[in-house]
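Trainee: Hi! I've just opened this one and could use a guide. Can we go through it together?
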Amino acid sequence: MEKIRTDVRVINRELLNNSYTIDQLRQTFENNPAIKLLIKEKDYINGTMSEVQVIPSFDTVDINEALSSLYNSKGIDEHLGSYVKALYTNKFKIPKGKQSININLDNAVLSKSDVVILDIIANNVDRPIYFSAWSNDNFLSLEDYLTLEGFAYRLNFEKNNSQTEIIEQKAGTIDSEKMYDNVMHGFSFKHFDKNIYFNETERNIISYYVQNLSSLAYKLLQEGENEKALSVLNKSITAIPFEIHSYPLFLVDMALMYSILEEKEMASNLMKHSIKEFKRYMNKYFVASMRMQAQQ
């Protein structure tokens, strides 16, 4: 990230299907070392590896052994000499010292970017690796090794054994200690308190921020950290005011938590505002045409 975190390498997964992007991973930028990769240029240029079939297996194989086999074999002969690349197992082990990640892939087919992501993880175990919590839905069966530290999931080499989160997460569990520190002392919530126009994508992202803050507050309540939970709730409604932004569903969660924390007046105010917002949405829906209703 130029001029902000030059030690951090941000990778767009969709662009990893482009050979130019993979080439850039091998370059060093200032104090940001190159990404180590097993894959060679011949393995990803000119449409190579655009689709990789995953053949289920009972055997668990070292990830680099499986990737080497993938890169060096022709693949499956479908017909008339047309080959499709294939991984001959769906079970992998990614070692790091005495620890390891064990993957049981659910995917029947992998894209080039999926393969490169697995390659990056396997050959850069000494570097912290994070997945975006907002823009990511395919975690390549790594969910049990991911912990939410804010708005990104950190990949760990130890399997999660935490209790289930009250608000269901896309993946993994919440690291309440690290996430609390990030929310209260690390993140900078700028301009959310300004009554300006936010487009639909921005509104969805803001709702997701509120959801994650609510999830953290629930987690802290589960752990008996009531004061910290209250601090997170207060931070949420201060940094992202509900009078400006509409997130009635999460206001109900917040009202419930405020009630548990004996903050009855705040709980009542949030619940009343939430009901008012739900009524506004329903009135808007009922006066809309059938075509518009279908799009809601």
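Trainee: Let's begin at the start of H2. What does a side-chain oxygen of aspartate 62 reach there?
Mentor: The backbone nitrogen of asparagine 64: the oxygen comes to within 2.9 Å of that atom. Do keep in mind that this is a predicted model.
Trainee: Noted. Which residues of H2 are buried?
Mentor: Helix H2 spans residues 63–72, and its buried residues are Ile63, Ala66, Leu67, Leu70 and Tyr71.
Trainee: And why are they on the same side of H2?
Mentor: Because they cover an arc of only 130 degrees around the axis.
Trainee: Then what does the face turned away from the buried side carry?
Mentor: That face has the exposed residues Glu65 and Asn72.
Trainee: New topic, the strands. How do E5 and E6 run, and how many bridges join them?
Mentor: They run antiparallel, with six bridges joining E5 (residues 91–96) to E6 (residues 99–104). Isoleucine 94, for example, has isoleucine 101 in E6 as its bridge partner, while lysine 91 is partnered by asparagine 104.
Trainee: What about the hairpin, how many residues are between the strands?
Mentor: Two, and glycine 97 in this hairpin takes a positive phi near 60 degrees.
Trainee: In what order do the strands form the open sheet?
Mentor: The order is E2-E5-E6, three strands with mixed pairing. E2 (61–62) and E6 are the edge strands, each pairing on one side only.
Trainee: Now the inside. How many residues are in the largest nonpolar core?
Mentor: It has 77 residues, and Leu110, Phe131, Tyr153 and Ile240 have the most contacts inside it. Helix H5 (residues 200–222) contributes the largest share of this core, nine residues.
Trainee: Pick leucine 110, then. What is leucine 110 in contact with?
Mentor: Setting aside neighbours within four places in sequence, its contacts include Val52, Val54, Leu87, Leu105, Val115, Leu118 and Leu140. Ser50 and Glu51 are also in contact with leucine 110.
Trainee: How far is methionine 179 from glutamate 263?
Mentor: Their C-alpha atoms are separated by 23 Å, and the two residues are 84 residues apart along the chain.

Notes:
Residues numbered from 1 in each chain as written. Predicted model: local features only at pLDDT ≥ 70, side-chain atom pairs only at ≥ 80, totals over all residues. Heavy atoms only, no water. Core = buried A, V, L, I, M, F, W, Y, C linked by side-chain atoms within 4.5 Å. Buried < 20%, exposed > 50% of the residue type's maximum accessible area, 1.4 Å probe, protein only. Helix = DSSP H or I, 4+ residues; strand = E, 2+ residues; numbered from the N terminus. Contact = heavy atoms within 4.5 Å. Pairing = 2+ DSSP bridges. Arc of directions from axis to C-beta. Polar contact = N/O pair within 3.5 Å; in protein donor to acceptor, adjacent residues only side chain to side chain.
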